[in-house]
Amino acid sequence: MKAIRVVFMIAVFCFMSAPILVVAGVSVNEKKRLLFPPKGFTLDWYGELFTQNAWFNALQNSVLIALFASLLAVSVALPVALYLWQRNSLFGRLLFSIGLAPFMLPPVITALGLLIFWVSVGGSGHMAATIVSHGVFLVTLPLVTISLGLESINRQLVEAARTMGADEKTVFFTVIRPLITPYIVSGFAFAFVLSLNEYIIAYMVAGFTVETLPIKIFNSLRYGYTPVMAAVAVIFALVSVVVFGLVARYGDLPRLLGAAAKDAK
């Protein structure tokens, strides 16, 4: 039975990893052709991502948007989660539900709503609009992870700090914040990776004026195939593996997913 389980897991791993292996093979083709197995070997297409202005500008836009949007999402999620944890009021639950709403709706509906908003206020086509839009859309991720972190805190620690004379600010920075830091970092990491890969909202809000890498890939497809597209996909996959691997290694993934929240109380 154990051998069957091992064979099954290996088969699942091969099936799940096959698409990225094919894309990785295509990205190192020596010639500018969509071939697998690859004919020849070269890393020039990875170099073009950083040397060609069009691709490098798209990379810069993607990283900047993902970075600031993730910071915005965490900045909004932290006070909302903290307010709900401290008071558990109807208003707090309403804010939490609003924070979950972007992920409950189809992305195209959210993108259309954001497009209408930015057109009406004159912000369409600006990077700031894409940053705010991604921040609003991705706030669900840090909101959920930070809420899980707060729920795992033993409230007796907070009461003990207050009993010793600590004010709310001191309690937050000496007791609460150190305990929820892994959850804050994981929420930021999840939002960062999803923002890098997000296409619909970025396209609807900014269109061709602020090209991110996903938008650049789709725009380039109109003129033919280039292995740079495959190179971008491989880099995105590696970034995701590294980020989520670090979260799992240092952030205690079962607790981040809520599996040990009850035991921690």
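Tutor: Look for lysine 216 and tryptophan 55: the charged end of the lysine sits over the ring of the tryptophan, 5.4 Å from its centre. Keep in mind as you look that this is a predicted model.

Now for the rings that pair with other rings. Searching the whole structure turns up five aromatic pairs. One of them joins phenylalanine 117 and tryptophan 118, an edge-to-face pair with 5.0 Å centre to centre and 75 degrees between the planes.

Another pair has its rings stacked: phenylalanine 188 and phenylalanine 192, 6.2 Å centre to centre with 20 degrees between the planes. Both belong to helix H9 (residues 168-197), where they are four residues apart, or about one turn of the helix. Phenylalanine 188 has a relative accessible area of 24%, so it counts as partly exposed. Phenylalanine 192 has 17%, so it counts as buried. There is also a cluster to find, in which ring pairs link Tyr199, Tyr203 and Phe218.

Leucine 67 lies in helix H3, and leaving out residues up to four places away in sequence, leucine 67 touches Phe188 and Phe192. Leucine 67 is partly exposed, with a relative accessible area of 32%.

Leucine 82 is buried, at 15% relative accessible area. Setting aside residues up to four places away in sequence, leucine 82 touches Leu150, Phe172 and Ile176. From leucine 82 to isoleucine 176 is 94 residues in sequence and 9.6 Å in space, C-alpha to C-alpha.

Is threonine 145 buried or exposed? It counts as buried, because its relative accessibility is 4%. Apart from neighbours within four places in sequence, threonine 145 is in contact with Tyr183, Ser186, Gly187 and Phe190.

Next, find the largest pocket, which has a volume of about 180 Å³. Its lining is made up of 14 residues, and those nearest the centre of the pocket are Val76, Leu95, Ile98, Gly99 and Val139. Helix H3 (53-87) turns up again here: H3, helix H4 (90-104) and helix H6 (127-138) each supply at least two residues of this lining. What kinds of residues make up the lining? Twelve are nonpolar, two are polar and none is charged.

Tryptophan 45 lies in helix H2 (residues 44-51) and is buried, with a relative accessible area of 10%. Beyond its neighbours within four places in sequence, tryptophan 45 is in contact with Ser27, Asn29, Glu30, Lys31, Lys32, Thr226, Pro227, Val228 and Ala231. For a sense of the distances here, look from tryptophan 45 to arginine 155: the two are 110 residues apart in sequence and 54 Å apart in space, C-alpha to C-alpha.

Finally, zoom out to the whole chain. The protein chain has 14 helices and zero strands. Its C-alpha atoms fill a box of roughly 70 × 60 × 30 Å along the principal axes. Of its 265 residues, 39% are buried. Among contacts with a separation of 6 or more, 71% come from residues 24 or more positions apart. With that in view, you can go back to lysine 216 and the ring of tryptophan 55 that the charged end of the lysine sits over.

Key. Residues are numbered from 1 along each chain as its sequence is written. This is a predicted model: local features need pLDDT of at least 70, side-chain atom pairs count only at pLDDT 80 or more; totals for chains, interfaces and linings use all residues. Side-chain values use heavy atoms; hydrogens and water are left out. On a 1 Å grid over the protein atoms alone, a cavity is a set of points where a 1.4 Å probe fits but cannot get out, and a pocket is an open set with protein on both sides within 12 Å along at least five of seven lines; lining residues have an atom within 4 Å of a point. Grid points are joined across faces, edges and corners, and a volume is the space filled by probe spheres set on the points. Ala, Val, Leu, Ile, Met, Phe, Trp, Tyr, Cys and Pro count as nonpolar, Asp, Glu, Lys and Arg as charged, and the others, Gly among them, as polar. Rings of Phe, Tyr and Trp (its six-membered ring) pair if their centres lie within 6.5 Å; planes under 30 degrees apart count as stacked, over 60 as edge-to-face and the rest as tilted. Buried means under 20% relative accessible area, exposed over 50%, partly exposed in between (1.4 Å probe, protein chains only). A charge sits over a ring if NZ of Lys or CZ of Arg is within 6 Å of the ring centre and within 35 degrees of the ring normal. Contact means heavy atoms within 4.5 Å.
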